[in-house]
Amino acid sequence: MPAPRVLFVKLSSLGDVIHNMPAVTDLAEHLPGARVAWAVEEAYAGLVGLHPGVHDVIPIGLRNLRRGPFDGVRWRRLADARRALARGGWDYVIDSQGLVKSVLVARAACGVAFGMDRQSARERMATRFYDVALAVPRERHAVERNRDLVAQVFGYRVQSAARYGLGAPPAPPPWAPVQPYAVLLHAASRADKRWPDERWAALGRLLSQNGHACVLPGGTPAEREHAARLAGTIPGALAAPAMSLVEAAALIGHAALVAGVDTGLTHLAVALGRPTVGIYCATRPELTGLHGNDGVNLGGPGRPPSAEAVATALGYGLEARDPAVEA
């Protein structure tokens, strides 16, 4: 009997993609002969390919198409992706995103489509297009919702702790510090998710006093400019250059410590098994916060944590003699 062919559809964003990885790990354990593919936005294709349970990655360029709707190359890449979906011969197509755009990708795959039901999906309209819609409680963490959906499709029970299945690339980028370093993920897509600069500076000075070089990445030119300004307030700190997502995984995967706001790279740090503190200022960590491994969530909507609390969670306290950490 041929191995079942399974297609996951989880397009974006980075945090959502990472939250789907434990479900892939579960499936690889319960159905080890399955041939697994993943349809994902082009920006995240390299990262998805690092998961050992994923055999094929189908990049879907919807975001790039929105940025350049008259670019013929982008349309051709999307057409190539559509053909790859159509000829896959899928036995199971699992849309764990629950959006209209993701279910349209799932239907292009020409297989039995599974997804969440009207009470569970993020967009109810999407549920009209599933062949099988399943109930998944909304008030659970996103990682466990994804695992539950896949477990229902294949008839097993989720009993173990979440395992992301990712391993860091073999070495950090060549420009990374030689000494132990901490990655400070200060950038966020929304202003209300950001942590005050003075708290980043206080935390960074404390880590520097304790022998850690601080590395501050930024995804956009504006974020890298901000990183450079913050690095200027922290002795020995480095504003990271522009890098790919796989390079970011190499940087984060070899860090001694990570602290970050509610952003996909902070979830990536937990997926890579790094000691990580998530700093929450506007969102609910019980639903989408750091989950499993060595992640610690602090704060919540309207309750940004102090620099002292983050330092303590990372293993350092006020005895490091920087009064600004109390800010």
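Mentor: A residue is called buried when its relative accessible area is under 20%, exposed when it is over 50%, and partly exposed in between. Please keep in mind, as we go on, that this is a predicted model.

Trainee: Where is Asp-262 found, and is Asp-262 buried or exposed?

Mentor: Asp-262 belongs to the loop between strand 10 (257–261) and helix 10 (264–271), and its relative accessible area is 10%, so Asp-262 is buried. The side chain of Asp-262 is joined to that of Thr-283 by a polar contact of 2.6 Å.

Trainee: How should I read a salt bridge, and how many does the structure hold?

Mentor: The general idea is that side chains of opposite charge can pair when their charged atoms come close. In this structure there are 15 salt bridges. One of them pairs Arg-122 with Asp-16, whose closest N and O atoms are 3.3 Å apart; this pair links distant parts of the chain, since Arg-122 is in the loop between strand 5 and strand 6 while Asp-16 is in helix 1 (residues 14–30), 106 residues apart. Arg-122 has a relative accessibility of 48% and therefore counts as partly exposed.

Trainee: Which residue forms a salt bridge with Asp-26, and which parts of the chain does that pair link?

Mentor: Asp-26 forms a salt bridge with Arg-147, and their closest N and O atoms are 2.7 Å apart. The pair links distant parts of the chain, with Asp-26 in helix 1 and Arg-147 in helix 6 (residues 142–154), 121 residues apart, and both Asp-26 and Arg-147 are buried.

Trainee: What does the side chain of Glu-42 meet in a salt bridge?

Mentor: The partner of Glu-42 is Arg-77, with a distance of 2.9 Å from N to O. Here too distant parts of the chain are linked, for Glu-42 lies in the loop between strand 2 (35–41) and helix 2 (45–48), whereas Arg-77 lies in helix 4 (residues 72–86), 35 residues apart. Arg-77 has a relative accessible area of 37%, which means that it is partly exposed.

Conventions:
Residues numbered from 1 in each chain as written. Predicted model: local features only at pLDDT ≥ 70, side-chain atom pairs only at ≥ 80, totals over all residues. Heavy atoms only, no water. Helix = DSSP H or I, 4+ residues; strand = E, 2+ residues; numbered from the N terminus. Buried < 20%, exposed > 50% of the residue type's maximum accessible area, 1.4 Å probe, protein only. Polar contact = N/O pair within 3.5 Å; in protein donor to acceptor, adjacent residues only side chain to side chain. Salt bridge = Lys/Arg side-chain N within 4 Å of Asp/Glu carboxyl O.
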